[in-house]
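Reader: I am new to this structure. Please show me how to read it.

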Amino acid sequence: MERRSTGFWLLTIFFGLFLLFLYGPTITIGILSFQGPGGGLTFPMQGASLHWFRDLFREQAVGDIWGAFRRSFALGLMVMVTTVIVSVMGGLAFRKRFAGSGILFYLIIASLVIPSILVSLGVGLIFNQFGLRVHWASSGFGSQLTWTLPFGLLIMFAVFNRFDKSYEEAARDQGASAWQTIRFVVLPIIAPSLIGVGLFGFTLSYDEFARTLLTAGSYNTLPLEIYGMTTNVTTPVIYALGTLTTAFSLLIIGAFLLAAWAGAKRRARLGSDAGKGV
Amino acid sequence: MRSGQDLELVHVTKRYGGTVAVRDVSHVFANGSYVCLLGPSGCGKSTTLRMIAGHESISEGSIVLDGHDVSRLEPARRGTAMMFQSYALFPHLSVRDNVAFSLRMKGVDKAARHRAADEMLELVDMTHLAERLPAQLSGGQQQRVALARALVTKPRVLLLDEPLSALDPFLRIRVRGELKRLQRELGITFIHVTHGQDEALALADEVVVMNDAVIEQAGTAREVFAAPRTEFVARFMGGHNVMDLDGTRFALRADDVRLDEAGLPAVVRGVEYQGAHVAVTAMAGAQEVLALVPEARFFENPKNPGDAVGLSWDASRLHRLTA
């Protein structure tokens, strides 16, 4: 085998550290969530059990985990759908230059650099000013969109940059109306990216903290609830919650990969002459 | 031959801001003919095609088909169909659904549109691959699907934007034969944009040479090759020498130049074996002359770079250029 340079090994060690930093915490929490019934929040493990997972499904002394999960899930879906619809429309609009398009673009992107906690504070303030009730589904929803919409729009810019306009011309040539072109050609072609934008919007909302902190009102979302629990709950049940939500995310990703793999396998049955000179 | 069914461009101009892409072009495309729009990139040939298709608005003038001004109509209402350079097959639809797309947009029910699509696929010999996605096809197969998709709309004029440029050279020659055969069978007008003169010569009933936003010359392939009107056409078609004799510019076909001791003295600069011919480049003073010498004749008395030769030709073969 070829001799590797010192630089290679240094960079490999650096990369190993990076991976450890990335996944170490998750793995640590994963291990600690199987703590025995008598164990605490830190090592050493007092035996191994599923005790804290069972505990998770019982009535909690503090916090309303399942209520918070339901709210976060619903809010995530709301943000996801809104982000996809508005980003696609925005992306379509920005494909052509129009008067003020540059300024409008910077206005949208600026909301990404404003500190999240200030957005939260401001939205809460405005709602109070107008005598509106601060609630996760109104003020919380709005303040999360200030985060997900610019991201979604940026992704759509990248998507439409690569989009071959001749698909649309071919559709018009074939007699499709403007709407039919969007419905039957543009949307199906960019569908994989839309799933990406959707999942991205959902994830950003699902673990959003700062922007929701002062806009959620009396009912907490899951991140707020977990943060509250870290100061009150002193048992590994909080780790069990962490492990469970991570497993849930992995399950969803796995399902998508499986569907993609099955689709590719089904198509492959038809054979391919791609790249051949026939 | 004028008929009421021709496609006609009447003083068509296309401007993009300050630049003119197509300048005051008028031309009649005879019904049922195979026309090649030939020219270098940026000459306006693609813009012209796209204006006929309706994918580019026209700045001035009009486009008439079947006696109707179609210049303001939607692309699908003009009686034209376009085949795109990269084919633009919809990647998410099967071959059959791609071909049936226009019928689906019209609201034709599934059974009927699949029947019509299958007929078209039969025509281009792609029936056996109807279930595949475009990504599973070779370039040549994609080209045939794109052709079927354009033809299913029953166009009067088929517009082809560099339809062979995505294919490798060997396949290109086979596919151009298929295009020509299909055009004969269907009897509709094909307008084919290309920058390859061999492609245009092989296919076209009429070659329209464009340069710098205008038509330089139009005529049968033979007319354009044998009797180029301008220096540009002579040079672009290739196989010609452009010579300055007594202040007049002439075109002289390279295969009309003979190597002959008695002729104009010159020095060989390069020799290139081309199979049927040998291309001999020689300098006669400051004038570079290309001679295409039949292979057998060349090897009776072979020449090398640096050799002195004489060049001769029949004066009747000199063809005076107007520009």
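Author: Two strands pair if DSSP finds at least two bridges between them. Strands (E, at least two residues) and helices (H or I, at least four) are DSSP runs, numbered from the N terminus. In chain B, strand S12 (residues 248-253) and S17(B) run antiparallel and are joined by two bridges. Within this pairing, B:Ala251 has B:His319 in S17(B) as its bridge partner.

Reader: What should I know about the model and its numbering?

Author: This is a predicted model, in which local features need pLDDT of at least 70 and side-chain atom pairs count only at pLDDT 80 or more, while totals for chains, interfaces and linings use all residues. Residues are numbered from 1 along each chain as its sequence is written, chains are lettered from A and ligands numbered from 1 in the order in which they are written, and side-chain values use heavy atoms, leaving out hydrogens and water.

Reader: Which strands of chain B form the open sheet of three strands, and in what order?

Author: Strands of a sheet pair through backbone hydrogen bonds, either parallel or antiparallel. Here the order is S11-S12-S17 in chain B, and the pairing is antiparallel. Strand S11 (240-245) and strand S17 (319-320) of chain B each have a single partner strand, so one side of each edge strand has no neighbour in the sheet.

Reader: Is strand S16 of chain B enclosed or left open?

Author: Buried means under 20% relative accessible area (1.4 Å probe, protein chains only). Four of the five residues of S16 (residues 308-312) of chain B are buried, so the strand is largely enclosed by the rest of the structure. Six bridges join S16(B) to strand S13 (residues 258-273) of chain B, antiparallel, with B:Pro265 opposite B:Gly310.

How values were computed:
Buried < 20%, exposed > 50% of the residue type's maximum accessible area, 1.4 Å probe, protein only.
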